[in-house]
Amino acid sequence: MPVSEEANPSKRRYIRLVLGLTLSIVLVYFLARTVSWAEVWQHVRAFPAWAIGASVGIVLLSVPLRTWQWYWLLGQGEGLTWWKVFRAICLGHLGNTFLPMRGGELLKVGVLSKSANLSVERVLTSVVLCRLQDLPIVGCIFLFFALQVDLSAVETRLGYTSGTLTDWIPRAFPPTYLIVCIATGVLVMALTAAWLWCNRKRIGALLQQEGRPYAFLRWLAARLMQVMDALKSAGHPTRFASAFMCALCCWVLFTLASVPLLMSMGLDRGTSLYAALIITGATTFFQLLPSAPTAVGTFHVGCSLALSWVLPELDGAQALAFAVVLHGVGAFSPVLPGLLWIFPLSLRRHLSQTETRTI
């Protein structure tokens, strides 16, 4: 039994990797068939340097904010400093670019655990809490996105004119029902978590039983304990509130990062902000799907679709060019600070090897 339990997570990660790579390949193939890459490249080159530079600068501002968020959620520690957290985040962004299944997350956990002399469990619980702080913000953005989707533009972008989506989806998922379902789901999970926490001693034996319902309860109880441990590690409620404000500011910056690029395409400020919200909601939703590293394919489809919803008159090549530029800004800008740590480490290792050989 222990062997199978240890093998299952590895098997699931492998399946997710294969599915992600397959989906990315399919979506890239779909994009290649629907547009001319020569036209896409022409539109990419048309973006002015000031717009790209402004977007890169906005994204880079989110890195120290993420550092403060994580630093506050980690709580007090003798070996814990802001610069150590910053270094771990920078190397994590670098790892996410090249490692599958967001391997940079594990990299930053290992780096911070070793450098700050913290237990891996403590660092992992703080990472879980960071993600939980993102959930209400992402939920609001996605809800706004879901209420604004122009389904006729989706059909036009996909090449359908039968009206199937515009007729069926509003009947199956009305906006009011969508809001009620999301609110009900959040409420049920909160009540279930509170019940598990209040009755954690009495249900200990119950959670040891076999079966899928008990497995789900064990999973939920483990996540609840992680959250409570992370809250205890943070120490003071103001640290948790400050961390949440950093998360909120980060998502504002992620949204604003596309505004300079949109304004360089001739959009006014109000339309650019509206389009940026739609794009953030769409790309966040599509990035939940399994994909290759840096969400290749899924990001581009979601971004080009969102831009087509806001600007139906925009041709597919220009929408995809915008997606390519925005993906490059969002995926590779946070990598730049990580290089500042990689090069000194490589130089230090080279010098130490040289000294050893000399001795």
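What follows is a short chat about a predicted model.

Visitor: What should I know about the model before we start?
Guide: This is a predicted model, in which local features need pLDDT of at least 70 and side-chain atom pairs count only at pLDDT 80 or more, while totals for chains, interfaces and linings use all residues. Residues are numbered from 1 along each chain as its sequence is written, and side-chain values use heavy atoms, with hydrogens and water left out.

Visitor: How many salt bridges are there?
Guide: The count comes to four salt bridges, a salt bridge being a side-chain nitrogen of Lys or Arg within 4 Å of a carboxyl oxygen of Asp or Glu.

Visitor: Which residue does Asp 134 pair with at 3.1 Å?
Guide: Arg 66; 3.1 Å is the distance between the closest N and O atoms. Asp 134 lies in helix α6 (residues 120–148) and Arg 66 in helix α3 (residues 49–74), so the pair ties together parts 68 residues apart in sequence. Helices here are DSSP runs of H or I, at least four residues long, numbered from the N terminus.

Visitor: Is Asp 134 buried or exposed?
Guide: Asp 134 is buried, with a relative accessible area of 7%. Buried means under 20% relative accessible area, exposed over 50%, and partly exposed in between, using a 1.4 Å probe and protein chains only. Arg 66 is buried as well.

Visitor: What does Glu 105 pair with?
Guide: Glu 105 forms a salt bridge with Arg 131, with the closest N and O atoms 3.0 Å apart. Glu 105 is in helix α5 (residues 103–115) and Arg 131 in helix α6, 26 residues apart. Glu 105 counts as buried at 16% relative accessibility, and Arg 131 as partly exposed at 35%.

Visitor: Which residues make up the salt-bridge network?
Guide: Arg 66, Glu 105, Lys 108, Arg 131 and Asp 134 are linked in it.

Visitor: Changing topic. Which residues touch the most other members of the largest nonpolar core?
Guide: Leu 262, Met 265, Ile 279, Leu 307 and Phe 322, out of 38 residues in that core. A nonpolar core is a set of buried Ala, Val, Leu, Ile, Met, Phe, Trp, Tyr and Cys residues joined through side-chain atoms within 4.5 Å.

Visitor: And what does Leu 307 touch?
Guide: Leaving aside neighbours within four places in sequence, Leu 307 is in contact (heavy atoms within 4.5 Å) with residues including Leu 262, Met 265, Ile 279 and Phe 322. A second, separate core of 23 residues includes Leu 80, Leu 91, Val 109 and Cys 130.

Visitor: How many aromatic pairs are there?
Guide: The structure holds nine. Rings of Phe, Tyr and Trp (its six-membered ring) pair if their centres lie within 6.5 Å; planes under 30 degrees apart count as stacked, over 60 as edge-to-face and the rest as tilted.

Visitor: Why is the pair of Trp 68 and Tyr 71 called edge-to-face?
Guide: Because their planes stand at 80°, with the ring centres 5.9 Å apart. Trp 68 and Tyr 71 are three residues apart in helix α3, about one helical turn.

Visitor: Last one. Where is Thr 298, and is it buried or exposed?
Guide: Thr 298 is in helix α14 (residues 298–310) and is buried, with a relative accessible area of 0%. Leaving aside neighbours within four places in sequence, Thr 298 is in contact with Leu 23, Leu 27, Phe 286, Leu 289, Pro 290 and Ser 291.

Terms used:
Helix = DSSP H or I, 4+ residues; strand = E, 2+ residues; numbered from the N terminus.
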